[in-house]
Structure formats: C-alpha cells, structure tokens
Amino acid sequence: MTSLKKILLGEQGLVVIFAVAFVIVSLTVPNFLSERNMLGLLQSVVTIGIIACTMMFCLASRDFDLSVGSTVAFSGMVAVMASNASGSILIGLLAAVLCGGFVGTINGVVIARFRINALITTLATMQIVRGFALIASDGRAVGINDPSFYQLALSRFLGVPTPIWVMGLFFIVFGFVLNRTVFGKNTLAIGGNPEASRLAGVDVARMRIWIFALQGIVCAVAGVLLASRITSGQPNAATGLELSVISACVLGGVSLAGGRAAMTGVIVGVLIMGIAENVMNLLNIQAFYQYVVRGLILLLAVLLDNLRSVAGRQRV
C-alpha cells in the first residue's frame, strides 16, 4: 500500500494513472482507438489545452483565473463581429487578441496593484465580460460572413486539424518558457514564497500582471478557434470552462498553493479530462451525469494536490 501511494504521489504517478486508464478504456470501449475518435478526442480538448498553458502559470504563482470561459466567448464574439464589419479576418483576429489581452491586464492590475483577491476579481470580470458578450450580440449567436473564417479550425496539415497543431505549439512554447526562461523560474519562485522573491529583486506585481495579460491573450486565441469551429460567435459559449481547465492543471500536478508546475503533467491532465468526456460520449451517458463526473474529477484533483503537498512536506 505504501509503495502504491509513493508511486501515485510521486513524479511519475500521474503518468501511471493515465497509462492504466488508457489501457482499460482501449480494451472496454468500442471504437475508442479508431483514428477518427483519436482526432476527435484531441480536437475536443483544444480549448482546455490551450488555456491550461497559461492557467498553469496563474496557479504556479498562487493565483487563478475564473474569467477564462467568459473571455473565450467574448473574444470569439469580437473576432466574428470585427471580421464582419471590416471584411478582414486579420482585423477580427487582432481585435480579439487586444480585447483578451485587455481583460487579462485588468485582472492583473486589480489583483497585483490593488491587492484584491484573485477569486473576487476574476469572479467579477467573469460576470462583466459575459455581460458585454451578451449586450454586444443582444443575446443571440452572430453568424460569420466570410467562409474563409471557418478554415481557421477546419483546415488540416498532414491530415491533422490545425487547432491540434496550435495546441501542440502552445505546449512546446509555454513548456520552454516555464523551464528555460527567467520568467518561468520567477513564476515558480513567487508562487513558492512571494516575500522572498521580492527581497531577491523580483518585481512580483509586474510578474503577476504579465501572467494575467498572457492568460487573456491565450483565451482570445482559443476563442477565435472555438468560434471558427462552431461557425458563429456564441455569447454563451465556454460556460464552465474555467473548472475544466483548473481541474486539468491540478490533475497534472500544478499546486493550488503555488510554486509547483510541469508542462508534461498538464498535458497528461488535459488528456485525462478529454478521455473522460470522450468515453462518456461514446457510452451515451446523459449530460446530467457528465456534470457529476466532472465535479468528481475536480474533487479528486484537489485531493491529490493536498496529498502531494503533505507528502512533499514530509520528505522535507
């Protein structure tokens, strides 16, 4: 029992859980390993995977962002409306990125400069931004005028949909930033001990603002791809997305207490979330029960995080 506990709470514990779950699902669920289902599974986790890249930085620095779902919906709306109004997809994309970055920067400034709790701040912006999306569209979906907009999500490279390549690129870039740059090391440092980091010369407030600004920009990219995939700007899109993203990160070993994160763990966490939803869909489990399963996964993620923290303190 002790050995099993050490494996599950160790560095490779999540990979072991993922491997066991993958084998069980492959053997028991029909059509799970088919190429079509695998690509569908990866496409279904694109939004979660992209946003998890920067949510990892938020959590690692002892913050979190509840406004990501609203920012995704709002950015997608802005991209569609700006593209329709200007006749240029590029202008729509730039407008979405600017709006996402603005929302993220506001979150960062309020949290870092005015020292308002991240829970309250992002809860408020979640409501405000969703309200703006509903006001701008009068509560209705906005259609896309230019069919080329669809190609952002429907195009393929080497037989693989473009959004999956984008997600993979984000995994590589933000994994490099976390492990190989001063920005990544400072993020982990301020999450581990903000006061010690400040005394060591790290501008903690500026770091937190940058992290939230990046979060907003990444949400905008995810929002554009989502709008392209669902062929319209939807003001109610991505509802509840924040819980799935946080669950994936915490399942992947990112500590809610800050100071610990790994991109490989986040990737596995995202895949576990995707497999769970994919299997429920293949087995035709009703949406009501899927909410229960998502809640249980979040509870399990928090429990594992707590056990890892206790195990870490005992090792020290």
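Buried means under 20% relative accessible area, exposed means over 50%, and partly exposed lies in between (1.4 Å probe, protein chains only). The model is predicted, so local features need pLDDT of at least 70, side-chain atom pairs count only at pLDDT 80 or more, and totals for chains, interfaces and linings use all residues. Residues are numbered from 1 along each chain as its sequence is written, and side-chain values use heavy atoms, with hydrogens and water left out.

View 1. Helices (H or I, at least four residues) are DSSP runs, numbered from the N terminus. A salt bridge is a side-chain nitrogen of Lys or Arg within 4 Å of a carboxyl oxygen of Asp or Glu. An α-helix has 3.6 residues a turn, so residues three or four places apart point the same way.

**View 2. Asp63 and Arg208 form a salt bridge between distant parts of the chain.** By the rule given above, the count comes to four salt bridges. In the pair shown, N and O are 2.9 Å apart. Asp63 sits in the loop between helix 4 (46–60) and helix 5, while Arg208 belongs to helix 12 (residues 204–229), and 145 residues separate the pair. Asp63 is buried, with a relative accessible area of 4%, whereas Arg208 is partly exposed, with 21%.

**View 3. Asp138 pairs with Arg140 in a salt bridge.** The closest N and O atoms are 3.3 Å apart. Both residues are exposed.

**View 4. Helix 5 packs against helix 6.** Axes are lines fitted to C-alpha atoms, for helices over the stretch in contact, and angles run from 0 to 180 degrees between N-to-C directions. For helix 5 (residues 68–86) and helix 6 (residues 89–112), the angle is about 150° and the axes are 7 Å apart. Helix 5 and helix 6 are therefore roughly antiparallel (an angle over 145 degrees). The crossing is right-handed, which means that the near helix is turned clockwise from the far one by less than a right angle. Contact means heavy atoms within 4.5 Å; among the residues that meet are Phe74 and Val78 in helix 5, and Ala95 and Cys99 in helix 6. The contact has ten nonpolar, six polar and no charged residues. Ala, Val, Leu, Ile, Met, Phe, Trp, Tyr, Cys and Pro count as nonpolar, Asp, Glu, Lys and Arg as charged, and the others, Gly among them, as polar.

**View 5. Helix 9 meets helix 12.** The axes of helix 9 (residues 162–180) and helix 12 come within 11 Å and cross at roughly 165°, and the two helices are therefore roughly antiparallel. Pro163, Val166, Phe170 and Phe174 in helix 9 touch Leu214, Val218, Val221 and Leu225 in helix 12. By class, these are eight nonpolar, no polar and no charged residues.

How values were computed: Angles under 35 degrees count as roughly parallel, over 145 as roughly antiparallel, 65 to 115 as roughly perpendicular and the rest as oblique.
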